[in-house]
Amino acid sequence: MSTDSKKIGNNGESSTGELSRRRLLGSVGAAGATGLVLGSTGGAIGYATARPDKPTALTTVGSTEEMFHGKHQPGITTPLQARGHLIAFDLAPGTGRKEAAALMRRWSTVAQRLMAGEPTSGGSADGTTHDTGIALDAGPSSLTVTFGFGRTFFERTGLVAHRPPGLDPLPPFSSDRLDSKRSNGDLWVQIGADDALVAFHALRAIQKEAATTAGVRWQMNGFNRTPGATAAPATARNLMGQIDGTGNPKPTESDFDRRIFVPSQPKTGDEAKYAWLAGGSYAVVRRIRMLLDDWEKLPVAQQERVIGRRKSDGAPLSGGTETTPMDLDKAGPDGKLLIPDNAHARISSPERNSGAAMLRRPFSYHDGIAADGTPDTGLLFICWQADPLKGFVPVQRKLDRGDALSPFVRHEASGLFAVPSGAAKGEYVGQRLLES
Ligand code: HEM
């Protein structure tokens, strides 16, 4: 790794004390002045410096390093990366807690090395010891590897007593068209990087380390805008063309941690059984197909009413700029609400959901043309919250009942995972559960 690389902690801070210019991508221009802001790139966190108008220098893309160790796992508050792989595994028959612990130890070692831009080396259970060389010449490229446990993991490992209620199955929604083979799983790994080869290299390494302990259940590949592609920092767009991520909770808000991360548990009583998850979070993963052929036929003015925001700049239809709060009561000269009753941003807003909030950090996907001739394209929707019953579930329930976006999307796969806290130095991810 080059000596001038930037090291970024899991809360977005730079361990060299420098502010990475790449971080600028997470911050909208409106943030303007110097200081920490939460950008709106799907929850991406960014630092606005005195030069927010400058695009990312290409040389910083490869050299930016995210920290493996920290209070929280990387890949939650990390700015959106250009490439993503989501992969779920099921433990092999006969595999239990001991083997699962050994796998988490191996995976943690590999993740730490790769995130530091170092090759993997030695020790694979299946005897393959060499690094594949796929990422040779590239720096860490903001690689993050994040691990989660699904509900079934606790049965397989004899740890059901430590399974938190937050992992209770998500309720069914009327619009669900879920494929069980591409849903859930014992273990979940999220890989993100700003370079496609770096991301793929990590995916192969993680798969190889699983060896005979766990087999792949499903895998999905996604992408976001590449750092430096826009002339100025800008919020990401999804494949419907909308600016997506504006309303995300911001780490500068006093209740950010309470909403996104699991609080410390009491040392005694029932709750103590879930103490291992303190500092962790829950990830809800949904593969949401976008029915683009239908969507693209809608005139832009109608597309904007579906969301309640302008397509060009993400400003609410009640007026202002992207960062102006929505005025949900404002009506036009005809007396009609400017942000319609069924607009997606209205229905999902914390204001209309007793404060329910989540950090949306998605990847787009495009898997070619489906058998019916339509694009197999959409959003790998990933949202983070301290409790799914106070985040995804109530909001999706409400969206399910009357979201103007519903006719244009289809939920095709679903997963819910408990994501442990970050590992301390010398520790592996999930150790506090597996050695409890
Ligand atoms: C393909 C599916 C979806 C698309 C294209 C989409 C798109 C958008 C867009 C463009 C916005 C407005 C900008 C913003 O605040 O980010 C938005 C807001 C939001 N969406 Fe979605 N969304 C989708 C699915 C979902 C789902 C499944 C949920 C949760 C159950 C959700 C929750 C939210 C929330 C909480 C907001 C912010 C509302 C606010 O703060 O006012 N979205 N979405």
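Modeller: Ala, Val, Leu, Ile, Met, Phe, Trp, Tyr, Cys and Pro count as nonpolar, Asp, Glu, Lys and Arg count as charged, and the others, Gly among them, count as polar. This is a predicted model: local features need pLDDT of at least 70, side-chain atom pairs count only at pLDDT 80 or more, and totals for chains, interfaces and linings use all residues. Residues are numbered from 1 along each chain as its sequence is written.

Colleague: How many nonpolar residues are in the shell around the ligand?

Modeller: A residue is near a molecule or strand if its C-beta atom, placed from the backbone, lies within 6 Å of it. In this model, 26 residues surround the ligand, and the closest are Gln242, Gly247, Ser348, Ser349 and Gln396. Split by class, the shell has three charged residues, 10 polar and, as nonpolar, 13.

Colleague: Which element gives the most to the shell around the ligand?

Modeller: Helices (H or I, at least four residues) and strands (E, at least two) are DSSP runs, numbered from the N terminus. Strand E9 (281-290), helix H8 (344-347), strand E12 (375-385) and helix H9 (392-402) each supply at least two residues of the shell. With four residues, the element that gives the most is H9.

Colleague: Between which domains does the ligand lie, and why?

Modeller: Domain bounds here come from an automatic or database domain assignment. Two domains both give residues to the shell, so the ligand lies between them: domain 1 (6-167 + 181-264 + 420-434) and domain 2 (288-416).

Colleague: What share of the 436 residues in the protein is buried?

Modeller: Count the other C-beta atoms within 10 Å of a residue's own, all placed from the backbone: 20 or more means buried, 12 or fewer means exposed, and in between means partly exposed. The protein has 10 helices and 13 strands. Of its 436 residues, the buried share is 50%.

Colleague: Which residues is Val145 in contact with, leaving aside neighbours within four places in sequence?

Modeller: Two residues are in contact if their C-beta atoms, placed from the backbone, lie within 7 Å. Across the protein, among contacts between residues at least 6 apart in sequence, 75% join residues at least 24 apart. Val145 has these contacts: Ala111, Leu114, Met115, Val189, Ile191, Ala202 and Ile206.

Colleague: How far apart are the C-alpha atoms of Arg204 and Thr132?

Modeller: Arg204 sits in helix H4 (residues 196-210). Arg204 counts as partly exposed because it has 15 C-beta neighbours inside 10 Å. Not counting residues up to four places away in sequence, Arg204 touches Thr132 and Ile134. Thr132 is 72 residues from Arg204 along the chain, yet their C-alpha atoms are separated by 8.3 Å.

Colleague: Which residues does Asp400 touch, not counting those up to four places away in sequence?

Modeller: Asp400 is in helix H9. Asp400 has 17 C-beta neighbours inside 10 Å, so it counts as partly exposed. Ser175 is 225 residues away along the chain, but the two C-alpha atoms are separated by 6.5 Å. The residues that Asp400 touches are Phe173, Ser174 and Ser175.

Colleague: Is Ser141 buried or exposed?

Modeller: Most residues other than glycine have a negative phi. Ser141 is not a glycine, but its phi is positive, about 55 degrees. Ser141 lies in the loop between H2 and E6. Within 10 Å there are 28 other C-beta atoms, so Ser141 is buried.

Colleague: Is Ser354 buried or exposed?

Modeller: Ser354 also has a positive phi, near 50 degrees. Ser354 lies in the loop between H8 and strand E10 (359-360). Ser354 has 8 C-beta neighbours inside 10 Å, so it counts as exposed.

Colleague: Which element has the lowest mean pLDDT?

Modeller: pLDDT is the predictor's confidence in each residue, from 0 to 100. The protein averages 88, and 86% of the residues score at least 70. Over residues 12-52, pLDDT is below 50, and this stretch has 129 contacts in the model beyond near neighbours in sequence. Strand E6 (residues 144-149) has the highest mean, 99, while the lowest, 30, belongs to strand E2 (residues 35-38).
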